[in-house]
Amino acid sequence: MSEAEGVIKYELSFQQTDLPDVDISLINCWRELLVQLDLVGQHPGRYGGLGFGNLSMRTPDGFLITGTQTGGIQQLSLSDYALVTSWHLEDNIIEAKGQVRPSSEALTHAAIYTNCAQANFVFHCHSPRIWQVAGNIGLMITDATVPYGTPAMAREVALKLRERGSPAIMAMGGHEDGIVAWGEDADAAGLLLVQCLVRATRCH
């Protein structure tokens, strides 16, 4: 069963405040490329017109993640990011601050950062092309019965990480078109997505 994009399922403790200055130039460069590849964005004909895709990077205080429903913004500023400072996967709780609330996928990002010490960047995209042939091109696929943004998904991600390590990429079986890549640096995560898009295109 596919899951609705943009629905925040976790309990959020949020402080609305300005964030300390963080260099977002690299993650923004990758986001711009992923928007051009139609892996991140917002279109009237997709997912009920809601924004899709989100990117994050580890920081000393937690991780910085694109805000909920920022997919349609062409160039993000720091005010379009949220800083997730604490998370409790089993209790489905996230603490964050900024001018915008964190993406609906923040709990999945948190699960990757928790279970993979080498992961410093996590890119969640939406690609029908990759998702439809994920098994054929050798991607890990989460259980289709496990909804995103839940403790069950956090446990599923931990299981997949034990299987494959980092950098890695997986398809979200229960979240239509959802693809997540992570790596030690932004290039590792981004290149995995681009390489898989090429491989998936050859399969179609």
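**Entry 1: helix H5**

Which residues of H5 are buried? I looked this up first in the model, which is a predicted one. I found Ala-186, Ala-189, Gly-190, Leu-192, Leu-193, Cys-196, Leu-197 and Ala-200 to be the buried residues of H5. These residues lie on the same side of H5, because they cover an arc of only 150 degrees around the axis.

I then looked up the dimensions of the helix. H5 runs over residues 186-203 and has 18 residues. From its first C-alpha to its last it reaches 26 Å, close to the 26 Å expected at 1.5 Å a residue.

I next asked what covers the buried residues of H5. The cover includes helix H1 (25-36) and helix H3 (128-132), together with the strands S6 (121-126), S8 (168-171) and S9 (178-183).

At the N-terminal end of H5 I noted a cap formed by Asp-185. One of its side-chain oxygens lies 3.2 Å from the backbone nitrogen of Asp-187.

**Entry 2: the segment after H5**

I followed the chain past the helix to His-204, which is placed in the segment after H5. Is His-204 buried or partly exposed? I recorded it as partly exposed, because its relative accessibility is 49%.

I also looked up which residues His-204 touches. Leaving aside neighbours within four places in sequence, His-204 is in contact with Arg-129, Gln-132 and Val-133. Val-133 and His-204 are 71 residues apart in sequence, yet their C-alpha atoms are 8.2 Å apart in space.

**Entry 3: the sheet**

What is the order of the strands in the open sheet? I wrote down nine strands in the order S1-S5-S4-S3-S2-S6-S9-S8-S7, with mixed pairing. The edge strands are S1 (11-16) and S7, each of which pairs on one side only. H5 packs on this sheet and touches S6, S8 and S9. The direction of H5 makes about 140 degrees with that of S9.

As background, I reminded myself that strands of a sheet pair through backbone hydrogen bonds, in either a parallel or an antiparallel sense.

I then went through several of the pairs:

- S2 (residues 54-59) and S3 (residues 62-66) are antiparallel and pair over four bridges; Thr-59 has Gly-62 in S3 as its bridge partner.
- S3 and S4 (residues 81-88) also run antiparallel and are joined by four bridges; Phe-63 has Val-84 in S4 as its bridge partner.
- S4 and S5 (residues 93-98) pair in the antiparallel sense over six bridges; Ser-86 is partnered by Glu-95 in S5.
- S7 (residues 140-141) and S8 pair in the parallel sense over two bridges; the partner of Ile-141 in S8 is Ala-171.
- S8 and S9 are antiparallel, with four bridges between them; Met-170 stands opposite Val-180 in S9.

I took a further look at S8 and found that both of its faces are covered. Ala-168 and Met-170 are buried on one side, and Ile-169 and Ala-171 are buried on the other.

**Entry 4: turns and positive phi**

Most residues other than glycine have a negative phi. I therefore looked for exceptions to this rule.

In the hairpin of S4 and S5, four residues lie between the strands, and Asn-92 in the turn has a positive phi of about 65 degrees. The hairpin of S8 and S9 has six residues between its strands. Asp-177 lies in that loop between S8 and S9, and has a positive phi of about 75 degrees although it is not a glycine. Asp-177 counts as buried because its relative accessibility is 5%, where buried means under 20%.

Asp-38 is a further case, with a positive phi near 65 degrees. Asp-38 lies in the loop between H1 and S2, just after H1. Asp-38 counts as partly exposed because its relative accessibility is 32%.

**Entry 5: helix H1**

I finished with H1. Its twelve residues should span 16 Å at 1.5 Å a residue, and its end C-alpha atoms are 17 Å apart, which agrees.

Which residues of H1 are buried? I listed Ile-27, Asn-28, Trp-30, Arg-31 and Leu-34. Seen down the axis of H1, these fall within an arc of 160 degrees, so they line one face of the helix. The buried residues of H1 pack against S2, S3, S4, S6 and H5.

Methods:
Residues numbered from 1 in each chain as written. Predicted model: local features only at pLDDT ≥ 70, side-chain atom pairs only at ≥ 80, totals over all residues. Heavy atoms only, no water. Expected span 1.5 Å × (residues − 1). Buried < 20%, exposed > 50% of the residue type's maximum accessible area, 1.4 Å probe, protein only. Arc of directions from axis to C-beta. Contact = heavy atoms within 4.5 Å. Polar contact = N/O pair within 3.5 Å; in protein donor to acceptor, adjacent residues only side chain to side chain. Pairing = 2+ DSSP bridges. Axes fitted to C-alpha atoms, helices over the stretch in contact; angles between N-to-C directions.
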